[in-house]
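Q: I have a model open and want to learn to read its features. Can we go through them one at a time?

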Amino acid sequence: MTLRIHGYRFSIPSGSPRFPALDLHAAARWAVGFLWLTALLFAVPSSWASGSAPAAAPASSKTIVVGGNWAYPPYEFLDAKGKPAGYNVDLTRAIADVMGIKVEFRFDDWSKLRADLPVGKIDILQGVSFSEERSQIIDFSPPHTIVHHSIFARKGTPPVSKLEDLRGKKVIVFADGIMHDTLRRLGFGPNLVLTRSPADELRLLASGQCDYAVVATLPGMFLINQHHLTNVVQVAKNVAAEKYCYGVAKGNAELITRFSEGLAILKQNGQYEAIYDRWLGINEQRLTPDRVAKYGAMVLLPLLAILIATGVWSRTLQKRVEERTNELAQEVAERNRALEELRLHQDKLIQADKMATLGVLVAGVAHEINNPNGLILLNLPILKDVYHDATETLETRFQHEGDFMLGGLNYSRMRDEVPLMLEDMSEGAARIKRIVEDLKNYARQDSTPRMEPFDLNSVVQAAVRLMETSIRKSTNNFDCRYGRELPKVLGSPQRIEQVVVNLLINACQALPSPEQGIRIETSADRETGVVRLTVTDQGVGIPQEFLHRLTDPFFTTKRESGGTGLGLSISAGIVQEHGGTLSFDSEPGHGTTATLTLNAQQGADAA
């Protein structure tokens, strides 16, 4: 079946002789691929567009430990030789190859993997379903596919159509999986029977010890065929659709960014499609003329043989068509919702890529400005000496001949103006140099920041110099108050400067007119051992219900003006890395105060 949406065509498969229909799964896969490709076409460098392949990222000396479920086919599993295999494994290897990353697979029970991730025993999970609850401790990549879940039961068990129908029944799920989290959140806890893997779920169900099992559709059908569980059938399709992603411990932004970038490259160069078709595409079966003819014959021949029952059969067929039509309508509606969500994320990804590209451009432009400005700084002292040496000769001529023209103006005027002009040029060139150095420091890649003692006042002053133009355009009332003798802070001054810049950008954007002001203040609380920065604006303010979400990824109240929701999320991660806090106090119509606190360095170097 083919659907057209906003001018694009999507092929919806109709079923498989080995597995049931996976229409929404395939459609969501095509939609994810299409939107990733669209984002990349706007973000890739021109050399890619002309046909040249992107250079692989430099290999890292650290080996990334990748966690995988030992029994979740066809996504990830240990094969007959005990080797990692499956869709997730091939995808991870391809990402590692294109990004120059060394990886080591560690397969175990899912419960063990979830426990090992936050404590650093593994670096990344290659297949983990997204949920708001999990996002509190896990940072996710964009989804690389959609996993659908179904309800399975033994033949003859009363049918159900949704999760709510399972209340009061004995339900099997594998421990710490996404459906375990979902059913526990819905209050099914007392009736849940936990197993180590989907295979254990289906074997326990086949033995008659429980009523139903909730399993991901593909692994469920794969395991039923593999273990010949002929008395187990699928009784409810697509009861849940979950985004399937890579996941790292909260705050490991560098690693999840590298895997996300690698995934985007695979989607752009066609490797992702090949891996998907190799492992998951075999479970889809699209309608072809031969298959239509085959199934048509299977229906028509029995009809010709039993003409007496034509009327009854027609009514039965009509009922089946209506049921299937309703199912398709529901699946299309779910897919449309998924597409709409993906479209919303597309703009965010494009803007994030633009900002990354802008950082590279700023560093390049800053370097180009520095070269001619260096010549100016080198030559100006020589010009000063030349003018100073020529002054005596010029004065002698003035005394003997009277006033004369020099550079189109009277010498009597120029002898006072030239020294001032040279001094102004020296100060201007020095200011250009400071601004360029600030831009280069701000844009410099800092994947492994060096922790060093730094003065918060100096960092804030550098951020203010970077933002000087934006501040002048936004307000006529800007006030900086720097605390005296602040103790030093141990950390990365470049990253803290990034936080201050983000806070100043938000403050400038919050002002409805230049009459409203912005105030920056630094201080130290020696009793609690913290150094504090407050940025207060007299802007429009933020509703109370949004305050707790300001640091969530992609959350923004300024989407119509180009906001991406990434600035404060990244800033919060940086502050957390430094052991500090970032809080906000606001009231609609009365402005916002952002407070950054960092621990003061203790010991002899603290002053």
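A: Start with a strand pair. Strand 11 (residues 171-174) and strand 12 (residues 192-195) run parallel, joined by four bridges. Keep in mind that this is a predicted model.

Q: Which residue is the bridge partner of Ile172 in strand 12?
A: Val193 is the partner of Ile172.

Q: What do strand 11, helix 5 and strand 12 make together?
A: They make a right-handed β-α-β unit. Helix 5 spans residues 178-185.

Q: Which residue in the loop between strand 11 and helix 5 deserves a look at its backbone?
A: First the general idea. Most residues other than glycine have a negative phi, and most peptide bonds are trans. Now the case here. Asp176 lies in that loop. Asp176 is not a glycine, yet its phi is positive, about 70°.

Q: Where is there a cis peptide bond?
A: Go to the bond from Pro73 to Pro74, which is cis with omega near 0°. Pro74 sits in the loop between strand 4 and strand 5.

Q: How do I read the sheet with strand order 4-5-6?
A: Begin with order and sense. This is an open sheet of three strands, and the pairing is antiparallel. Then find the edges. Strand 4 (71-72) and strand 6 (84-85) each have a single partner strand, so one side of each is left without a neighbour in the sheet.

Q: How many bridges pair strand 4 with strand 5?
A: Two bridges, in the antiparallel sense; strand 5 covers residues 76-78. Tyr72 stands opposite Glu76 of strand 5.

Q: Do strand 18 and strand 20 run parallel or antiparallel?
A: They run parallel, joined by five bridges, with strand 20 at residues 517-525. Asn477 has Gly517 as its bridge partner in strand 20.

Q: At what angle do helix 13 and helix 15 pack?
A: Two packed helices are described by the angle between their axes and the distance between the axes. Here the angle is about 50° and the axes are 9 Å apart. That makes helix 13 oblique to helix 15. The crossing is right-handed. Contact residues include Val459 and Ala463 of helix 13, with Ile496 and Val500 of helix 15. By class, the residues of this contact are twelve nonpolar, no polar and one charged.

Q: What angle do helix 3 and helix 8 make?
A: Helix 3 (residues 87-99) and helix 8 (residues 253-269) pack at about 100°, with axes 9 Å apart. Helix 3 is therefore roughly perpendicular to helix 8. The contact has nine nonpolar, two polar and two charged residues.

Terms used:
Residues are numbered from 1 along each chain as its sequence is written. This is a predicted model: local features need pLDDT of at least 70, side-chain atom pairs count only at pLDDT 80 or more; totals for chains, interfaces and linings use all residues. Side-chain values use heavy atoms; hydrogens and water are left out. Two strands pair if DSSP finds at least two bridges between them. A crossover is right-handed if, with the strands pointing away from the viewer, the path from the first strand over the helix to the second runs clockwise. Axes are lines fitted to C-alpha atoms, for helices over the stretch in contact, and angles run from 0 to 180 degrees between N-to-C directions. Angles under 35 degrees count as roughly parallel, over 145 as roughly antiparallel, 65 to 115 as roughly perpendicular and the rest as oblique. A crossing is left-handed if the near helix is turned anticlockwise from the far one by less than a right angle, and right-handed if clockwise. Contact means heavy atoms within 4.5 Å. Ala, Val, Leu, Ile, Met, Phe, Trp, Tyr, Cys and Pro count as nonpolar, Asp, Glu, Lys and Arg as charged, and the others, Gly among them, as polar.
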